[in-house]
Amino acid sequence: MALPVAEWQARTARLWAALDPALRERLAAASLHDAVRLGCDLLRSEEEEEAALVRLCRRARTDKEPEAASCYREQGNREFKRGRYQAALRLYSKVASHQLPGSPEVSVCFANRSAALLHLGHFEVCLEDIARAESCGYPDRLLPKVLLRKAECLLCLERLQEAQDILSVLESKIALDGVMTTHLARLKKLSQLKVKLGDKERCPAEPAREARGGTQGEPEIWEENSRISGASSSLSLSFDEERGRHLVASQDIVPGQSLVKEEAFVSVLCPGESLPLQDGDTAWDTGATNADLYCHRCLRQLLASVPCQGCSYAKYCSQDCADMAWQQYHSTECSLGALLLTLGVFCHVAFRTVLLAGFAEVSRLVAWSHRGDKNLQNPEASCKALSDSRGVPGCGSNGRYQSSYQALFHLLPHTEQHSPEHKFLCTLSVVAICKQLQAAGLEAAVLSQESPQQWSKPKTCEKTSDELSSELKTVAEAMLRHVLQLQCNAQAITVMQELGPGDGAVVDKKPVRVATAFFPVLSLLNHSCCPNTSVSFSGTAATVRASQPISSGQEVLHCYGPHWCRMRVAERQQLLSQYFFECRCQACLQELEPGVKSVVSIRNAFCCPKCQAQMQGEEDTLCCSNEACATSVSRDHLSGRLQDLQQQIKKALDLLRVRKADQAIKMLLKCQMDAGTFLSPEHLLMGEMEDHLAQVYATLGKWQEAARHLKKSIEIVEMHHGPSSVETGHELFKLAQILFNGFAVSEALSTIQRAEGILSVHFGPQSAQIQELQEMKACLSELP
């Protein structure tokens, strides 16, 4: 959720409407500096609004709550007994997040989680959890069970001597019950057998597999641009009044070539929809949100999370990540978690941005923004230009554009173009954060993040208990700037996330937004509805690759969301209005010409219920294009049928999730028949139904049937998105999995080759999907 919760938005809207018209006019025309000061005065006098915000924050529940831990533990134990170890693992991680540090239950929680990890085959991580349990004071009476588990992990990892040492201790010193004695005897025999076999037990194919892994694709030739950090030397930075800062190819570029590799200046995990609970709710949400699935610092996928010691919300992939986050920003954010969740991701990104930049740099740039000379370096010298005498905003004194706070600060906030109501909401929200900083005694922590030469200067924070210090007003002003910048410059970090339980032979994935970030260099790319680049992410790092040939002198373009082959021009222009420009890309200009009909409209058309010819017309009533038929139907009626059909498809997928595949097939086939009576054969939903049928047949092991349906889906996807699109690549990846599992060797190899060619352009030769395709190819090549 980018903006604050709906209730806070509604309260600020009512407060705005109740303001004196003269004050509203002042606020609408106010600079960022003046808006913050007016906002401080307003929020100080509106105690009811502050109290309402406190009540809203109680719903976010980010404190440690032992009652929640107890609930999650019981549910985790139930899932473990059912053999659903992945579900148990996530529930035990929720237990760890809610247990009070130092409590006896913490060690038991890590021990329980280690058992789930052992069953899932994550032996190294299992050992880490066992070590955590031991360091947290795991009870002596339960220690034999954990040591047996540790020995089993070590045996599986072929760390034989360590395993034997533990088994010897267990055998000689610790009293075991009958079940554990039997288990110990089995492990002793296994240990002895492994010692005898020695190297013979190794799979002969393993070295070959390692060798294959080391030779995947030629290493990419990468030469960094001397004037743009993280950009290829094949790009140059340009500036003009119409397009602002933008990147241009300085030489011919081929598809798949990396153009930008940039680490986010700041990123904040998007929490997920099910995090807030209603007031008075006692039920604890057991669903997995982004907060449970991804590291709150580096965004890597979590397996056994390391919880923050102070809150239940922040979870990390390792202790190193937890320590680094605490040092950089979380020591300040930890107690404000509920407030930051309530006020939305944009406010959170803005707050973390100023924490990472440090108060010295923030105050320097805010002071610069107040001056008329607009020179960041000093009043006399101007920023050197890259290609001519004019300075490019955001460059340093040496003319280099870096992924820095200075470049980020120069991203346009479009202060005059945001609606007055939106600016008012953002202003009150950032002021509320700064007031809470002051009330919680965290002001010094924020202001101490500055250069060493500033530390010796005494702080002069003369204020009443209700008034913000001048330093915190500076912080609020910078935060307000960043919140407004994010509407046009926020970058969604997406990952390919598995759909469904993830235990099938064919893994269905879709891109999911996991975080919002600032990328100063990536923000140089202007929009096109028909872009020539593709962006992928690995953790907090973005890579921009050419998706088609780019000639020298041509602008490098990125799609901000509405792509020409997924949406009609009117819908695209409506969505792009949030960026405060009218798109004049080639795709939009062509579609806006008189008499030109959108390809999306043609392919996703309704067809006549009587003769199946295409329906046409722009009004509320559609007419059959077949003059001999002349049937007319209400657009609303056909739209209603489409919505009903989508609901039926959703029910079919729900049946698949509960493993009722036969019923799912019957319902999907019925949906297909119904769709054929009023949808064009090229309609994207027809392709989606073929995809779903392929998925169901794959779960039943009917590989030929699955492949037949998926090929039909691919035909429709290619028609809509193009044969080299990322959507086609994902469909071919699924077809390769189906053909591989069905031992259709020749066809699988040709499909793998085509999928590799497409996906490597969009994600690079080292991506997880490419690696999986290469593993399938290697296995098939070894078959007789």
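Which residues lie nearest the centre of the second largest cavity? They are Tyr313, His330, Glu333, His348 and Arg352, out of 17 lining residues.

## Basis

This is a predicted model, in which local features need pLDDT of at least 70, side-chain atom pairs count only at pLDDT 80 or more, and totals for chains, interfaces and linings use all residues. Residues are numbered from 1 along each chain as its sequence is written, and side-chain values use heavy atoms, with hydrogens and water left out.

## Overall build

The protein has 32 helices and 15 strands. Helices (H or I, at least four residues) and strands (E, at least two) are DSSP runs, numbered from the N terminus. Of its 784 residues, 49% are buried. Buried means under 20% relative accessible area, exposed over 50%, and partly exposed in between (1.4 Å probe, protein chains only).

The exposed surface comes to about 37500 Å², with 51% supplied by carbon and sulfur atoms. Areas follow the Shrake-Rupley method with a 1.4 Å probe; for residues, only the protein chains shown count as cover. Among contacts with a separation of 6 or more, 65% join residues 24 or more positions apart. A contact means heavy atoms within 4.5 Å.

## The second largest cavity

The whole structure holds 6 cavities of 30 Å³ or more. A cavity is a set of points, on a 1 Å grid over the protein atoms alone, where a 1.4 Å probe fits but cannot get out; lining residues have an atom within 4 Å of a point. Points are joined across faces, edges and corners, and a volume is the space filled by probe spheres set on them.

Strand E4 (266-269) and helices H14 (319-333), H15 (337-343) and H16 (345-357) each give two or more residues to the lining of the second largest cavity. That lining divides into 10 nonpolar, 5 polar and 2 charged residues. Here Ala, Val, Leu, Ile, Met, Phe, Trp, Tyr, Cys and Pro count as nonpolar, Asp, Glu, Lys and Arg as charged, and the others, Gly among them, as polar.

## Helix H7

Helix H7 spans residues 104-119. Its buried residues include Val106, Phe110, Arg113 and Leu117. Their cover includes helices H5 (66-81), H6 (85-98), H8 (123-135) and H9 (143-156), and strand E5 (306-307). Just after H7, Gly121 has a positive phi of about 85°.

## Loop residues

Two residues other than glycine have positive phi. Arg61 has a value of about 50° and sits in the loop between helix H4 (47-57) and H5. With a relative accessible area of 26%, Arg61 is partly exposed. Leu299 has phi near 70° and lies in the loop between helix H13 (290-293) and E5. Leu299 is buried, because its relative accessibility is 4%.

Thr631 is in the loop between strands E14 (621-624) and E15 (632-634). Its relative accessibility is 11%, so Thr631 counts as buried. Beyond neighbours within four places in sequence, its contacts are Cys608, Lys610, Met615, Leu622, Cys623 and Cys624.

## UniProt annotations

An unreviewed UniProt entry lists "domain: MYND-type" over residues 295-334. That span is 38% helix and 10% strand, with end C-alpha atoms 15 Å apart. UniProt also lists a "coiled-coil region" (unreviewed entry) at residues 635-662. Residues 635-662 are 89% helix and 0% strand, and their end C-alpha atoms are 34 Å apart. UniProt positions use the numbering given here, feature names are shortened, and annotations may be inferred rather than shown by experiment.

Key: On a 1 Å grid over the protein atoms alone, a cavity is a set of points where a 1.4 Å probe fits but cannot get out, and a pocket is an open set with protein on both sides within 12 Å along at least five of seven lines; lining residues have an atom within 4 Å of a point.
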